[in-house]
Amino acid sequence: MHLRIFAVLAATSLAWAETSEKQARQAGSGFAAWDAAYSQASTALSKLSQQDKVNIVTGVGWNKGPCVGNTPAIASIAYPQLCLQDGPLGIRFGGSVTAFTPGIQAASTWDVELIRQRGVYLGAEARGVGVHVLLGPVAGALGKIPNGGRNWEGFGPDPYLTGIAMSETIEGIQSNGVQACAKHFILNEQETNRETISSVVDDRTMHELYLFPFADAVHSNVASVMCSYNKVNGTWACENDKIQNGLLKKELGFKGYVMSDWNAQHTTNGAANSGMDMTMPGSDFDGKTILWGPQLNTAVNNGQVSKARLDDMAKRILASWYLLEQNSGYPATNLKTNVQGNHKENVRAVARDGIVLLKNDDDILPLKKPSKLAVIGSSSVVNPAGRNACTDRGCNTGALGMGWGSGTADYPYFVAPYDALKTRAQSDGTTINLLSSDSTSGVANAASGADAALVFITADSGEGYITVEGVTGDRPNLDPWHNGNQLVQAVAQANKNTIVVVHSTGPIILETILAQPGVKAVVWAGLPSQENGNALVDVLYGLVSPSGKLPYTIAKSESDYGTAVQRGGTDLFTEGLFIDYRHFDKNGIAPRYEFGFGLSYTNFTYSSLSITSTASSGPASGDTIPGGRSDLWETVATVTAVVENTGGVQGAVVPQLYISLPSSAPSSPPKQLRGFAKLKLAPGESNTATFILRRRDLSYWDTGRQNWVVPSGSFGVVVGASSRDLRLNGKFDVY
Ligand SMILES: OC[C@H]1O[C@@H](O[C@H]2[C@H](O)[C@@H](O)[C@H](O[C@H]3[C@H](O)[C@@H](O)[C@H](O)O[C@@H]3CO)O[C@@H]2CO)[C@H](O)[C@@H](O)[C@@H]1O
């Protein structure tokens with residue numbers, strides 16, 4: 001099977017920048033593979049009654065099957081009861097599954113090998129428990145609002161980084177014959193009013209920011225896409241002809257099927273005729289309202305939905321099933337099967353390599369066999385009620401490993417910071433003073449006299465159907481929870497070697513913390529899932545040098561972001577293209593820690609920038625393949641740079657390539673990420689980072705021509721250690 005062969009090839013240890021040839025092949029073969037799958041689907045379809053077809057496209061109802069989504073079996077074509085199950089970080093409600101790291105932690109590694117391996121393992125576990133459709137990965141919310149409740153499920157607000165992560169994850173999942181589902185399509189950027197709000201966006205912003213990573217998903221032959229709860233430009237996403245038929249199926253050449261988010265469908269005919277192909281879960285949560293099933297049958301019988309449209313829906317679903325070869329030897333559904341294997345190794349690696357070291361004064365880290373350590377904060381220990389005490393992780397009690405909602409999984413075990421620190425302390429002969437509370441009383445006692453004080457703070461968020469400590473999804477502000485600022489203040493007053501460890505679903509404002517002279521280090525540990533403590537100890541003690549880079553900007557003030565949760569019925573997306581670092585760059589706002597930032601225990605120097613380009617200006621052309629016009633995916637320029645480890649220890653570096661469009665392009669972000677690589681270097685070692693630019697990477701969306709266009713003129717090229725730490729400058733001209 002072509003897809004599997006290429007996934008195996010792709011599992012070699014190549015940085016993404018070096019694999020675009022593979023991706024081009026994959027798109028080509030994917031197209032052929034879809035053709036074959038469609039041919040099988042047509043044969044099967046000819047054996048089906050109208051009722052069978054309606055059954056294929058209609059879920060059986062909430063809580064009426066083994067999975068969160070189920071469709072009935074069709075015996076005549078040996079089609080199983082299809083099992084659709086969350087989610088983006090593992091099997092929700094599984095009995096013995098791995099709780100992988102959330103998407104945002106994977107993005108924070110900037111390591112395509114780890115991201116792909118995470119996808120492969122997610123797929124292996126889904127297959128092992130007989131899940132046909134794994135409901136992830138997530139590219140919407142993209143993360144334009146720093147407080148957005150579900151941002152942590154995805155890969156952050158940069159569409160390029162998210163696009164690469166989507167591709168790697170989808171190809172990884174589907175290499176196991178499991179259908180992936182790219183969600184939520186599209187512009188579902190906040191939880192507040194998510195089922196009523198209309199996201200109003202201009203055409204260029206839609207293409208260059210929000211649709212961009214979905215194009216990657218389609219290019220990687222994703223089997224399914226989930227339409228979102230919100231309205232897009234006034235029309236429900238799941239009833240929106242422009243986005244489903246126009247953008248997704250026609251422009252991007254999507255061959256799979258669109259399923260509704262759970263209960264996101266509003267009408268029988270509107271959804272069918274605007275491109276939605278499967279309704280989930282098939283009823284509302286009370287089981288009272290059913291919009292397809294018998295109603296769809298009637299609509300087809302009286303001509304409100306054409307027979308051809310019903311055939312198309314069913315064919316898309318069957319073709320995806322055949323594409324992934326689920327018609328042969330697929331395991332029976334049993335969510336309780338133990339499928340963990342050695343997958344915890346990926347969790348630990350992603351948790352560890354996603355840790356971002358923000359501050360390290362006096363080289364206080366790595367720790368050097370302290371004789372006494374203070375460990376302070378309620379999140380240093382596992383939830384006293386049990387690691388899975390709160391359904392769908394709907395509480396922020398004890399150590400934090402993921403946000404809350406449908407995109408969660410139960411932890412098979414949980415190593416809290418204190419657990420791992422204690423183990424390490426025993427081997428070092430270190431004494432630990434533990435204060436597992438967020439109250440400032442008792443802090444002076446616990447922290448004073450220790451060689452260093454580790455203080456743990458958190459910020460949590462999640463999906464809006466659960467309210468945690470008064471927070472219904474989106475965070476109301478960017479402060480740490482549980483009086484984190486006051487806790488750090490108290491610790492830093494008692495101990496001048498204070499190390500702050502932050503576990504958070506997204507940015508928090510660190511100004512109060514950084515103003516404490518006693519705060520020597522800030523470790524941004526993100527969302528490390530079940531390997532929380534182990535990953536932290538690896539970095540704190542220098543078993544590895546920290547190599548994570550921020551996948552979003554940390555501002556000095558919440559208002560610096562220029563975006564906020566909308567309380568009314570409309571979000572006008574007035575910021576347009578300018579979210580996260582694009583906004584800070586355009587408006588000359590100094591971030592506290594910029595997108596792409598992260599310290600190391602070693603140093604790197606950059607040299608020898610080289611640029612070659614064959615790019616020509618003008619609109620994209622070529623046939624539509626999965627992902628859009630074929631030439632958008634062709635390599636048109638290559639940039640290389642040499643990076644050397646000039647420090648004393650081994651470390652991994654993430655050279656980042658940003659481009660600036662020529663002035664002939666309409667107002668554009670000052671710079672945009674268009675390449676990155678992760679190089680592991682021994683002291684004194686150097687290596688070349690190779691960045692391959694595809695036509696789409698040099699294009700803007702021309703609203704007049706309704707096409708991607710490479711502008712003529714001089715393209716700026718910078719290679720840096722972050723979006724603000726720019727080490728090498730160059731340019732190339734395009735005519
Ligand atoms: O899980 C499939 C997709 O579902 C959406 O989230 C839903 C979630 O799965 C479900 O557990 C939750 O149910 C609650 C329901 O909303 C509420 O009315 C009822 O009282 O309690 C239910 C909890 O037991 O609803 C969520 C939708 O509101 C996700 O958006 C999507 O990403 C998932 O893939």
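Start by selecting asparagine 63: at 64% relative accessibility, this residue counts as exposed (exposed is over 50% relative accessible area, buried under 20%, partly exposed in between, with a 1.4 Å probe and protein chains only). Before moving on, know that this is a predicted model, where local features need pLDDT of at least 70, side-chain atom pairs count only at pLDDT 80 or more, and totals for chains, interfaces and linings use all residues. Residues are numbered from 1 along each chain as its sequence is written, and side-chain values use heavy atoms, with hydrogens and water left out.

**Stop 1: two asparagines and a helix**

Stay on asparagine 63 and check its backbone: phi is near 65 degrees, a positive value in a residue other than glycine. Most residues other than glycine have a negative phi, and most peptide bonds are trans. Asparagine 63 sits in the loop between helix 3 and strand 1 (69–71). Helices (H or I, at least four residues) and strands (E, at least two) are DSSP runs, numbered from the N terminus.

Now select helix 3, residues 50–57. How many of its 8 residues are buried? The count is 6, so to speak a mostly covered helix. The buried ones are Gln50, Asp52, Lys53, Val54, Ile56 and Val57.

Then jump to asparagine 193, in the loop between strand 4 (179–185) and strand 5. Its phi is also positive, about 55 degrees, although it is not a glycine. At 31% relative accessibility, asparagine 193 counts as partly exposed.

**Stop 2: parallel neighbours**

Next, pick strand 5 (residues 198–199) and strand 7 (residues 231–232): 2 bridges join them, and they run parallel. Two strands pair if DSSP finds at least two bridges between them. Click serine 199 and you'll find its bridge partner, valine 232, in strand 7. Both strands belong to an open sheet of 4 strands in the order 8-7-5-16, with mixed pairing. Its edge strands are strand 8 (235–236) and strand 16 (570–571), each pairing on one side only.

Strand 6 (residues 224–227) runs parallel to strand 9, joined to it by 4 bridges. Look for methionine 226, which stands opposite methionine 259.

One more pair: strand 11 (residues 372–376) and strand 12 (residues 431–435) run parallel, with 5 bridges. Valine 375 has leucine 434 in strand 12 as its bridge partner. Strand 11 is mostly covered, with 4 of its 5 residues buried.

**Stop 3: two cis bonds**

Zoom in on methionine 280 and proline 281, which are joined by a cis peptide bond with omega about -5 degrees. Proline 281 is in the loop between helix 9 (268–273) and helix 10 (294–301). Another cis bond joins leucine 365 and proline 366, with omega about 0 degrees. Proline 366 lies in the loop between strand 10 (356–360) and strand 11.

**Stop 4: the largest pocket**

Which residues lie nearest the centre of the largest pocket? Select Glu251, Leu252, Arg629, Trp701 and Gln706, which are among the 21 residues that line it. A pocket here is an open set of points on a 1 Å grid over the protein atoms alone, where a 1.4 Å probe fits and protein lies on both sides within 12 Å along at least five of seven lines; lining residues have an atom within 4 Å of a point. The volume is about 360 Å³, meaning the space filled by probe spheres set on the points.

Helix 8 gives the most to the lining, with 5 residues. Domain 1 (29–322) and domain 3 (601–732) both give residues to the lining, so the pocket lies between them; the domain bounds come from an automatic or database assignment.

**Stop 5**

Strand 21 (residues 635–645) is joined to strand 26 by 9 bridges. Click threonine 635 to see it opposite arginine 694 in strand 26.

**Last stop: glutamate 531**

Is glutamate 531 buried or exposed? It is buried, with a relative accessible area of 4%. Glutamate 531 is in the loop between strand 15 (519–526) and helix 17 (532–540).
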